[in-house]
Amino acid sequence: MIVVGLLSGTSMDGLDVAVAEIEIAGGVVRLTPLGAHTTPWSPTLRDRLLAVLPPGRTTVDEVCALDTLVGQAAAAAADAALAALGRSGDLVSWLGQTVFHWVDEGAALGSLQLGQPAWIAERTGLPVVSDLRGTDIAAGGHGAPLASTLDALWLAGPRRRAALNVGGIANITVVGRPGEPVVSFDTGPGNCLLDVLATRTGTAPGTAGTPGYDVDGALAAAGTVDPALLAELLAEKYYAAEPPKSTGRELFTADYLDSALLATRHRGHGTQRTPNPTAPDIAATLVALTARTVADACARYGVTEVVGSGGGMHNPVLVGALRTALDPVPLRRSAELGLPVDAKEAYLTALLGALSWHGVPGVLPGATGSRTSRVLGRFSPGHRPLRLPDPAGPVHTLQVM
């Protein structure tokens with residue numbers, strides 16, 4: 001079947017779209033990438049989405065409007081992706097735009113994604129599977145990260161490897177030998193705090209880029225790590241918590257960064273304050289934070305190789321810091337194994353949709369903390385009656401063609 005995978009991540013830089021041909025037979029999933037791209041949000045819509053994130057406040061009418069606008073944008077992106085390929089599709093899998101991920105005392109209690117799937121079904125005429133996180137949360141999981149099944153099928157082998165995705169939040173899936181438990185969790189900030197800083201600062205001196213992103217790591221490259229600020233940030237108790245666990249912009253907000261900066265100035269020095277770090281120094285420190293927390297998480301599980309994806313893999317300063325922190329464990333790009341760095345999460349979304357369509361659970365037992373594996377999501381019919389095939393049975397291998 002031809003499946004469109006569609007999502008917008010925690011960086012909120014746009015809609016990631018991937019189209020794949022997926023076949024499930026005899027316990028083997030064959031995924032053939034057909035094309036992928038990112039459609040940027042309009043500046044106005046991105047600003048409105050960012051404004052509803054904590055600690056911001058919003059209204060029900062604004063949430064309703066954004067649900068429609070995001071759904072319409074997703075519908076247009078899916079339709080355009082199929083038109084560009086000159087192919088008709090069978091299914092759209094829509095992970096939505098997360099605006100709140102509710103975690104209380106280590107337990108996930110809910111997760112809200114915007115983007116009404118009816119707009120996608122109406123525009124494309126195809127059935128849509130959406131709300132993929134809610135099923136796992138109801139079953140006792142965190143609903144995030146959802147990469148464990150793809151990563152386990154894709155990376156299983158004689159070595160213990162980690163699939164790393166660096167978006168707004170960074171996450172890893174630790175995959176060992178066949179039969180070993182798979183562990184998947186958010187390690188902490190990826191780009192989200194860097195984005196906060198870049199939004200305030202604009203681009204680095206002497207560079208041209210998009211305000212809101214540290215393009216090519218130019219801001220961080222101009223700075224030096226502030227040890228006191230890094231120590232303050234690393235004191236966050238989330239890092240020491242045992243998986244399963246998940247986090248998001250609900251914790252790592254602009255106020256969170258400001259509190260860490262304030263605490264660094266006052267910490268243990270009475271009336272004597274440490275000098276205020278410059279914006280480049282803060283950026284360099286945030287890069288070190290991401291690298292350190294990822295490396296510590298990998299070391300905890302004895303990982304021998306890391307396969308990276310996500311927008312953070314385009315930041316050469318962050319990639320360099322990751323390589324240094326992980327050393328001697330090598331860091332490879334997901335493209336070396338067949339899944340583009342920018343599109344791995346979109347192809348994951350397509351796979352999750354195909355699994356749900358065929359009645360196959362989308363999360364491995366225990367990977368996110370759920371009590372048992374469940375078929376994920378809910379379906380919106382397209383222009384024709386919804387007819388699901390007979391369940392395909394367990395799958396054990398993913399082949400990226």
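This is a predicted model: local features need pLDDT of at least 70, side-chain atom pairs count only at pLDDT 80 or more; totals for chains, interfaces and linings use all residues.
S356 is part of helix 12, which covers residues 344–357.

Now hop over to the strands. Strand 2 (residues 14–25) and strand 3 (residues 28–40) run antiparallel, joined by 12 bridges. You can pick out one of the pairings at G14, whose bridge partner in strand 3 is P40. Follow the hairpin these strands make and you'll find two residues between them, with G26 taking a positive phi near 60°.

Strand 3 has another partner too: strand 13 (residues 397–400), which pairs with strand 3 in the parallel sense over four bridges.

Next up is helix 1, residues 43–51, where L45, R46 and L49 are buried. Why do these buried residues line one face of the helix? Looking down the axis of helix 1, you'd see them fall within an arc of 100°, so they line one face. What do the buried residues of helix 1 pack against? They pack against helix 2 (60–85), strand 4 (91–104) and strand 5 (107–114). Turn to the other side of helix 1, and there P43 and T44 are exposed.

Conventions:
Residues are numbered from 1 along each chain as its sequence is written. Side-chain values use heavy atoms; hydrogens and water are left out. Two strands pair if DSSP finds at least two bridges between them. Buried means under 20% relative accessible area, exposed over 50%, partly exposed in between (1.4 Å probe, protein chains only). The arc is that of the directions from the helix axis to the C-beta atoms. Contact means heavy atoms within 4.5 Å.
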